[in-house]
Amino acid sequence: MKKTRTPVSLLLCTLLALLMLLMLLPLGTVSFAAEDPSNPSHEGRDCEWDKGRTITVPTCTTPGEVKYTCKINALHTKTEAIPATNHDYEWTITKNSTATAPGTATAVCKNNPAHTESMTIPARGTAVEVGYCGTGLNHAYYALYEDGTLFVFGAGAIKAFAFMGREDVHALVIGDGITEIGSSAFAFCRFESIDFGNTLETIGSLAFYDCDGFEEVLLPDSVKDVGDCAFGLSSNLKKVVFGRNVELVGDCALLQCYELKQSVFLNRDTIIVEKEHPAPVQEGATPNLLRTINGGTVYGYAGGSVEAYANEKGLPFVALDAEGHAFDDGVVTTKPTCTEDGVETFTCAVCGDSYTAPVAATGHEWSEWIVSINPTEQHEGQAYRYCKNGCKQIETKTIDKLPETNEEGGNIFQQILDWVQSFFDRIGEAFRNLFRF
Ligand SMILES: [Zn+2]
Ligand SMILES: [Zn+2]
Ligand SMILES: [Zn+2]
Ligand SMILES: [Zn+2]
């Protein structure tokens with residue numbers, strides 16, 4: 001007799017197969033159970049999802065989950081993760097810092113008072129405000145000091161919009177350990193100076209948009225990416241140096257920085273992005289205003305993408321030497337004199353470094369010989385010449401006696417006359433020289 005399967009084992013097999021099928025499906029995707037006969041199949045049409053129902057509430061540190069159900073067939077469901085909320089800390093300065101001693105601050109999470117944290121306030125003066133400015137669970141903190149200096153320290157990224165529009169910040173200092181500045185993090189700020197530190201790699205889009213305080217941006221070699229419009233509309237910006245490892249400068253990075261005189265690229269192959277913009281964007285605006293670099297001189301190594309960009313946009317290009325300098329043709333800073341060398345100073349337009357070279361002494365420029373004492377048959381004469389460069393040098397020489405003539409030479413009266421005349425000649429010359437100088 002053939003052994004047949006009982007209905008119970010059949011059911012078990014089906015369930016097992018179904019379970020295996022379900023396990024194959026990746027989490028968080030749509031799951032199709034068997035069609036509900038009361039709900040018509042909507043083959044060829046997308047599901048119509050309801051508003052969703054939170055099935056796991058996110059906490060500060062763990063994500064939650066929301067479940068959606070199809071309005072056409074309730075057996076179609078999908079789940080989506082809700083990101084962790086992160087802590088919402090309230091910071092209190094428990095011991096303030098001074099210029100020489102660090103302080104401390106503690107934080108209690110508004111979402112859950114069991115979450116607490118503390119920080120050491122760096123010794124940079126008296127802090128007026130401290131807090132957390134990171135993204136997710138990284139450890140970027142800030143302290144704003146009495147003098148208006150904002151110091152960002154710790155590690156990781158500064159979150160997007162973190163300090164947007166903070167007009168009370170006068171100087172920004174980014175500590176080592178910070179690697180990224182989020183989008184718009186410092187847009188519409190007014191600080192006069194920025195120290196980017198030495199670990200920053202990424203500057204987000206619009207990060208310093210419409211900041212009109214600072215005149216210089218000197219990016220460290222650690223920076224790789226500068227986002228779209230990162231320094232756009234920085235109306236006092238005169239000089240930007242993109243470091244040796246900048247790979248990408250985003251579209252409109254220096255948009256409408258009309259005071260810009262120098263943009264320096266220490267990586268010859270930096271890609272300067274410039275997208276095609278539908279023009280004109282606003283009435284009266286010309287399309288080429290939406291440029292990555294609007295003006296000034298571009299400094300870079302010859303032959304790379306930077307030079308190609310400058311040429312394409314008609315921007316003046318100056319090639320850097322092997323060390324990254326762009327020295328001028330030299331200016332005489334100490335004039336040479338007739339006898340002493342002068343100094344010529346060559347200055348780098350990029351970093352301001354300078355070196356000097358000697359300028360050879362000019363030597364005297366002599367006048368013609370001028371006779372101060374006429375020679376006679378009895379006496380030698382004298383002549384002098386002076387330096388026309390005004391160094392007050394005079395040279396004299398003797399003029400030989402006149403050859404004797406056969407005429408009666410012993411006339412004492414004539415000799416006295418000659419002598420008197422030469423005496424007055426000498427005084428006259430002396431006067432003339434005095435007034436010449
Ligand atoms: Zn559906
Ligand atoms: Zn919390
Ligand atoms: Zn230089
Ligand atoms: Zn001279």
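In this predicted model, strand S13 (residues 178-181) and strand S15 (residues 202-203) run parallel and are joined by 2 bridges. Within that pairing, Glu180 has Thr202 of S15 as its bridge partner. Both strands belong to an open sheet of 6 strands with parallel pairing, ordered S11-S13-S15-S17-S19-S21. Strands S11 (156-158) and S21 (271-272) each have a single partner strand, so one side of each is left without a neighbour in the sheet.

A further open sheet, of 5 strands, also shows parallel pairing, in the order S16-S18-S20-S22-S23. Its edges are formed by S16 (216-218) and S23 (317-319); each has a single partner strand and therefore one side without a neighbour in the sheet. On average, neighbouring strands of this sheet are turned by 15 degrees against each other, direction ignored. Helix H2 (residues 305-313) packs on the sheet and touches strands S20 (262-265), S22 (297-300) and S23, with its direction at about 160 degrees to that of S22.

| Strand pair | Bridges |
|---|---|
| S13 and S15 | 2 bridges |
| S16 and S18 (residues 239-242) | 3 bridges |

The largest nonpolar core has 74 residues, and those with the most contacts inside it include Tyr142, Val152, Ile158 and Phe242. Strand S9 (residues 140-145) gives the most to this core, with 6 residues. Leaving aside neighbours within four places in sequence, Val152 is in contact with Cys133, Ala140, Tyr142, Ile158, Ile174, Gly175 and Ile178.

Notes:
Residues are numbered from 1 along each chain as its sequence is written. Chains are lettered from A and ligands numbered from 1 in the order in which they are written. This is a predicted model: local features need pLDDT of at least 70, side-chain atom pairs count only at pLDDT 80 or more; totals for chains, interfaces and linings use all residues. Two strands pair if DSSP finds at least two bridges between them. Helices (H or I, at least four residues) and strands (E, at least two) are DSSP runs, numbered from the N terminus. Axes are lines fitted to C-alpha atoms, for helices over the stretch in contact, and angles run from 0 to 180 degrees between N-to-C directions. Two residues are in contact if their C-beta atoms, placed from the backbone, lie within 7 Å. A nonpolar core is a set of buried Ala, Val, Leu, Ile, Met, Phe, Trp, Tyr and Cys residues joined through C-beta atoms within 7 Å. A residue is buried if 20 or more other C-beta atoms lie within 10 Å of its own, exposed if 12 or fewer, and partly exposed in between; C-beta atoms are placed from the backbone.
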